[in-house]
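User: I've got a model open and want to go through its contacts. Can you take my questions as they come?

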Amino acid sequence: RKSRKQKLGCAQQDNWEKMFQRLVEFKEEHGHASVPYHYAEDHALALWVTTQRRDYNQKSWYGSKTSMRDNRRKSLEEIGFVWDMRSKTQVTGATRSDDRKFDCETTQQDHQEPAIHSTT
């Protein structure tokens, strides 16, 4: 019988694998694994990607040991995951302005002003 901690660990692993699969699908559709932070089509994926970068970069950012497991790091690297978005130009040829353009294209319809009709 599994303890609560073991069950939680299994659930977290299952969730990580599901999110990783969503990232693989994103890459197949878009040709890269650099999910924009404000990706409106799958905000949960955008947040998950940010968490992976934070976990990986924990040592350099905060001076503490990374919490990223080696097998997860390797899986992400195998699909071309970019750990530092400032360097993604080297990997994908994309730029930050491409991110902004992509963000605007995917969310533009959500931010249109309503039409105002005159009653006079």
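User: Let's start with rings. How many aromatic pairs does a search of the whole structure find?
Analyst: Five aromatic pairs turn up when the whole structure is searched. Keep in mind that this is a predicted model.

User: What is the geometry of the phenylalanine 26 and tyrosine 39 pair?
Analyst: Phenylalanine 26 and tyrosine 39 pair edge-to-face, with 5.1 Å centre to centre and 85° between the planes.

User: Where do those two sit in the chain?
Analyst: Phenylalanine 26 is in helix α1, while tyrosine 39 is in the loop between α1 and α2. They are 13 residues apart, and the pair links distant parts of the chain.

User: Are phenylalanine 26 and tyrosine 39 buried or exposed?
Analyst: Both phenylalanine 26 and tyrosine 39 are buried.

User: Which residues do ring pairs link into a cluster?
Analyst: Trp16, Phe20 and Trp48 are linked into a cluster by ring pairs.

User: OK, zooming out. How many helices and strands?
Analyst: The protein has five helices and zero strands. Along the sequence the pattern reads α-α-α-α-α.

User: And how much of the protein is buried?
Analyst: Of the 120 residues in the protein, 30% are buried.

User: Now the core. How many residues are in the largest nonpolar one?
Analyst: The largest nonpolar core has 18 residues. Phe20, Leu23, Val35, Leu45, Trp48, Val49 and Leu76 have the most contacts inside it.

User: Which helix gives the most to this core?
Analyst: That is α1, with six residues. Helices α1 and α2 each supply at least two residues of the core.

User: Pick valine 49. Where is it found, and what does it touch?
Analyst: Valine 49 is in helix α2. Setting aside residues up to four places away in sequence, valine 49 touches Leu23, Val35 and Phe81.

User: Why is valine 49 classed the way it is for burial?
Analyst: Valine 49 has a relative accessible area of 0%, so it counts as buried.

User: How far is valine 49 from proline 36?
Analyst: Their C-alpha atoms are separated by 9.0 Å, with valine 49 and proline 36 lying 13 residues apart along the chain.

User: And valine 35, what is it in contact with?
Analyst: Leaving out neighbours within four places in sequence, valine 35 is in contact with Leu23, Phe26, Leu45, Ala46 and Val49.

User: Switching to charges. How many salt bridges does the structure hold?
Analyst: It holds four salt bridges. In one of them, the side chains of arginine 22 and aspartate 42 meet at 2.6 Å, N to O.

User: What does the arginine 22 and aspartate 42 pair tie together?
Analyst: Arginine 22 lies in helix α1 (residues 4-30) and aspartate 42 in the loop between α1 and α2 (43-62), so the bridge ties together parts 20 residues apart in sequence.

User: How do arginine 22 and aspartate 42 count for accessibility?
Analyst: Arginine 22 counts as partly exposed at 32% relative accessibility. Aspartate 42 counts as buried because its value, 16%, falls under the 20% cut-off.

User: Which residues are linked in a network of salt bridges?
Analyst: Asp70, Arg73 and Glu77 are. Arginine 73 meets aspartate 70 at 3.9 Å, N to O, and glutamate 77 meets arginine 73 at 3.0 Å, N to O.

User: The 3.9 Å one, why does it count?
Analyst: The arginine 73 to aspartate 70 distance of 3.9 Å counts because the cut-off is within 4 Å.

User: How are they spaced along helix α3?
Analyst: Arginine 73 and aspartate 70 are three residues apart in helix α3 (residues 70-78), about one turn of the helix. Glutamate 77 and arginine 73 are four residues apart, so about one helical turn separates them.

User: And their accessibility?
Analyst: Arginine 73 counts as partly exposed at 22% relative accessibility, and glutamate 77 counts as partly exposed at 35%.

User: Last one, arginine 54. Where is it?
Analyst: Arginine 54 is in helix α2, and it is partly exposed, with a relative accessible area of 37%. The C-alpha atoms of arginine 54 and aspartate 84, 30 residues apart along the chain, are separated by 9.7 Å.

Methods. Residues are numbered from 1 along each chain as its sequence is written. This is a predicted model: local features need pLDDT of at least 70, side-chain atom pairs count only at pLDDT 80 or more; totals for chains, interfaces and linings use all residues. Side-chain values use heavy atoms; hydrogens and water are left out. Buried means under 20% relative accessible area, exposed over 50%, partly exposed in between (1.4 Å probe, protein chains only). Contact means heavy atoms within 4.5 Å. A nonpolar core is a set of buried Ala, Val, Leu, Ile, Met, Phe, Trp, Tyr and Cys residues joined through side-chain atoms within 4.5 Å. Rings of Phe, Tyr and Trp (its six-membered ring) pair if their centres lie within 6.5 Å; planes under 30 degrees apart count as stacked, over 60 as edge-to-face and the rest as tilted.
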